[in-house]
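Okay, hi everyone, thanks for coming. I'd like to walk you through one structure today, so let's get it up on the screen.

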Amino acid sequence: MSKNHFLRSIAENDIKNGKHDYVYTRFPPEPNGYLHLGHAKSICLNFGMASDLGGKCNLRFDDTNPEKEDEEYAESIRQSVEWLGFQWDKLCYASDYYDQLYTFAVQLISKGVAYVDELNAEQMREYRGTLTEPGKNSPYRDRSIEENLDLFTRMKAGEFEEGKYTLRAKIDMSSPNITLRDPILYRIRYATHYRAGDKWCIYPMYDFTHCISDALEGITHSFCTLEFQDNRALYDWVLEHIDLQENLNGEKGKLMPRQIEFGRSNLEYTIASKRKLIQLVNEGHVSGWDDPRLTTLVGLKRRGYTPKSIRDFCEEIGVTKKDSVIEMTVLENAIRHDLEASAKRVFGVLKPLKVVITNYPKGESETFTVKNHPKDDDMGTREIPFAREVYIDHDDFMMDPPKKFFRLGPGREVRLRYGYAITCNEVIQDDQGNVLELRCTYDPLTAKGQTADGRKIKGIIHWVSADHALDAEVRVYDRLYTDPNPGASDDFISLLNPDSLKVYPDAKLEPSLAEGRQNDRYQFERVGYFCFDEKDNSASKLVMNRTVSLRDTWAKVSK
RNA sequence: UGGGGUGUCGCCAAGUGGCCUAAGGCACCGGAUUUUGAUUCCGGCAUUCGAAGGUUCGAAUCCUUCCACCCCAGCCA
């Protein structure tokens with residue numbers, strides 16, 4: 001159940017007051033890039049509100065710029081919306097409305113509120129005025145309706161070169177709202193559209209297209225971000241001036257969707273700008289749009305984030321009219337919360353350190369039956385083998401440990417979780433003093449968490465039997481940037497975190513992972529949550545990604 | 001400087017004249033339980049709501065002024 005916020009209140013009131021019988025929303029991406037966390041907020045808002053209030057939500061591609069859009073993006077967007085767990089009522093494309101849009105443009109010309117201009121881009125900028133000075137009318141503003149109609153028809157017919165003419169709304173060149181200074185409605189562009197092909201050489205602008213698309217689809221509430229607040233006046237102007245008697249659903253009468261704006265949310269240490277994302281991909285700073293360090297939806301998916309965790313995150317950050325900067329821990333908390341309840345526990349050793357248990361008989365082994373989840377018995381149990389040689393993590397051993405280090409050190413005793421307590425008797429090092437191997441003895445009377453003399457063993461570490469272990473490559477990710485707001489810098493490339501990816505090529509995993517399915521999520525006990533990499537994992541080579549670490553109080557204490 | 005917005009705890013965010021000496025989440029700090037230094041659990045964490053005035057018996061909520069920040073001058077969306 002999603003939270004209350006001002007947009008929801010508006011929608012609920014509109015139903016309560018009888019303004020609408022239902023809510024109809026839409027998520028309107030332009031297929032010119034991959035979806036990221038910012039879009040997830042909009043998706044959850046639009047689809048979530050529709051389903052919460054018993055309404056509908058369309059997925060509509062705002063595809064009016066043939067030069068930037070591509071089917072590859074559209075396909076990915078459809079998949080990401082579905083992956084997030086939402087179903088659209090209708091799958092729509094603004095490009096499917098090009099004929100209607102053209103008709104409405106002709107209508108505006110006929111009413112004398114749109115004209116064909118032939119100022120070039122530079123002149124138009126001059127005529128537009130500035131923030132503080134009013135603009136001035138184009139010398140072509142007062143053509144006759146007949147001439148405008150003729151010119152517009154010929155624009156469509158391809159008689160003019162690109163940039164020669166534009167269709168403009170005749171509003172007010174001295175408006176303090178610059179959006180209203182005779183905005184362009186159509187421009188000439190000889191580009192092949194990824195869906196419409198070469199049918200058109202004139203393309204409608206966003207401000208003209210979006211409001212009409214909403215009206216055609218019977219959208220009741222058109223949510224968008226804050227930067228479109230000024231555009232709302234134009235949104236309303238266009239809908240006031242066109243003559244739409246019946247929408248695509250057969251509903252009749254003056255149908256006015258309402259645009260309402262909300263604030264964007266940015267995540268610390270990330271970048272959302274499509275331009276910058278493209279640069280990261282193209283220059284090879286990341287492996288692709290689905291690099292697990294990116295907060296694109298495909299990246300988060302590959303990283304191991306669940307759709308639920310992202311929906312929860314979006315609910316948690318709320319919806320207001322304020323642009324916000326969200327701390328990374330909020331996202332991490334969302335995925336930890338989901339995986340804590342659902343992930344199977346297993347043992348995985350990222351930096352293996354061999355331990356030989358000298359008093360355990362050679363060639364023998366035994367298995368321990370352990371729970372897959374400490375609190376959820378329904379998740380069952382599994383067997384883990386134990387033998388004379390095991391691997392523990394290098395981080396769980398210190399040559400000269402401080403008093404609060406509850407792990408292994410020379411002469412110290414720890415429990416191998418679910419197994420026996422071992423004591424470190426000997427440390428084998430190389431010439432440089434690197435620890436190569438440990439020689440330990442185990443206490444046979446310490447199985448099942450017991451000790452014969454009642455002594456408490458504070459330290460508990462994870463391990464995996466050397467002979468039974470699976471080899472794997474484990475990838476550990478950290479934030480992509482060293483600066484919480486990399487987008488604020490022009491040189492965001494220099495802010496990249498050189499340690500954002502650490503590869504552990506020789507990780508050792510417990511044998512049960514061999515039966516893992518591609519979408520399974522695991523908690524490597526005491527380490528973090530992991531998933532199989534969707535591209536590089538295979539039966540012959542296990543490749544796992546760390547989604548997020550476990551909370552690590554020790555890491556804080558030891559600093 | 002014209003227009004449009006926003007300002008409540010480190011980060012989000014409830015709250016729309018009295019039950020606010022201001023929910024909740026994240027973060028942080030204690031402490032309990034724990035064969036994960038995880039989880040869970042308990043406790044702490046804004047006498048203050050951008051600032052200053054004013055209205056009122058009473059304001060974060062109303063008024064005035066001021067300050068800060070964001071957006072708008074693409075034939076992008």
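One term before we start: a residue is called buried if its relative accessible area is under 20%. Keep in mind, too, that this is a predicted model.

With that, take a look at Phe524 and Phe530. Both of them are buried. Their ring centres sit 3.9 Å apart with the planes at 15 degrees, and planes under 30 degrees apart count as stacked, so this pair is stacked.

How many aromatic pairs are there by this rule? The count comes to 27. Another one of them is Phe347 with Trp463, and this pair is tilted. Here the centres are 5.9 Å apart, and the planes make an angle of 55 degrees. What I like is where the two rings come from. Phe347 is in the loop between strand S12 and strand S13, while Trp463 is in the loop between S21 and S22, so you're looking at partners 116 residues apart that link distant parts of the chain. Are they buried or exposed? Phe347 has a relative accessible area of 1%, which means buried, and Trp463, also at 1%, is buried as well.

These two rings also belong to a cluster. Ring pairs link Phe347 and Trp463 with Tyr360, Phe368, Phe386, Tyr418, Tyr420 and Tyr442.

Okay, on to the strands. There's an open sheet of seven strands, and the order across it is S21-S18-S19-S20-S14-S17-S22, with mixed pairing. Which strands stand at the edges? Those are S21, residues 460–461, and S22, residues 464–465. Each has a single partner strand, so one side of each is left without a neighbour in the sheet. Inside that order you'll find S18, residues 413–416, pairing with S19, residues 421–429, in the antiparallel sense over three bridges.

Next, strand S16, residues 381–387. Five of its seven residues are buried, so the strand is largely enclosed by the rest of the structure. S16 pairs with strand S15, residues 365–371, in the antiparallel sense, over seven bridges. For example, Val370 has Arg382 in S16 as its bridge partner.

Let's stay in S16 for one residue, Ala387. At 5% relative accessibility, Ala387 counts as buried. What is Ala387 in contact with, leaving aside neighbours within four places in sequence? The list is Ile357, Tyr360, Glu364, Ser365, Ser465 and His468.

Last stop, two helices. Two packed helices are described by the angle and the distance between their axes. For H2, residues 37–52, and H11, residues 307–317, the axes come within 9 Å and cross at roughly 80 degrees. H2 and H11 are therefore roughly perpendicular to each other. From H2 you get Leu37, Ala40, Lys41 and Cys44, meeting Ile310, Arg311, Phe313, Cys314 and Ile317 from H11. By class, that contact has seven nonpolar residues, two charged and no polar ones.

H2 also holds His39. At 15% relative accessibility, His39 counts as buried. Not counting residues up to four places away in sequence, His39 touches Phe27, Tyr34 and Lys274.

Methods:
Residues are numbered from 1 along each chain as its sequence is written. Chains are lettered from A and ligands numbered from 1 in the order in which they are written. This is a predicted model: local features need pLDDT of at least 70, side-chain atom pairs count only at pLDDT 80 or more; totals for chains, interfaces and linings use all residues. Side-chain values use heavy atoms; hydrogens and water are left out. Axes are lines fitted to C-alpha atoms, for helices over the stretch in contact, and angles run from 0 to 180 degrees between N-to-C directions. Helices (H or I, at least four residues) and strands (E, at least two) are DSSP runs, numbered from the N terminus. Angles under 35 degrees count as roughly parallel, over 145 as roughly antiparallel, 65 to 115 as roughly perpendicular and the rest as oblique. Contact means heavy atoms within 4.5 Å. Ala, Val, Leu, Ile, Met, Phe, Trp, Tyr, Cys and Pro count as nonpolar, Asp, Glu, Lys and Arg as charged, and the others, Gly among them, as polar. Two strands pair if DSSP finds at least two bridges between them. Rings of Phe, Tyr and Trp (its six-membered ring) pair if their centres lie within 6.5 Å; planes under 30 degrees apart count as stacked, over 60 as edge-to-face and the rest as tilted. Buried means under 20% relative accessible area, exposed over 50%, partly exposed in between (1.4 Å probe, protein chains only).
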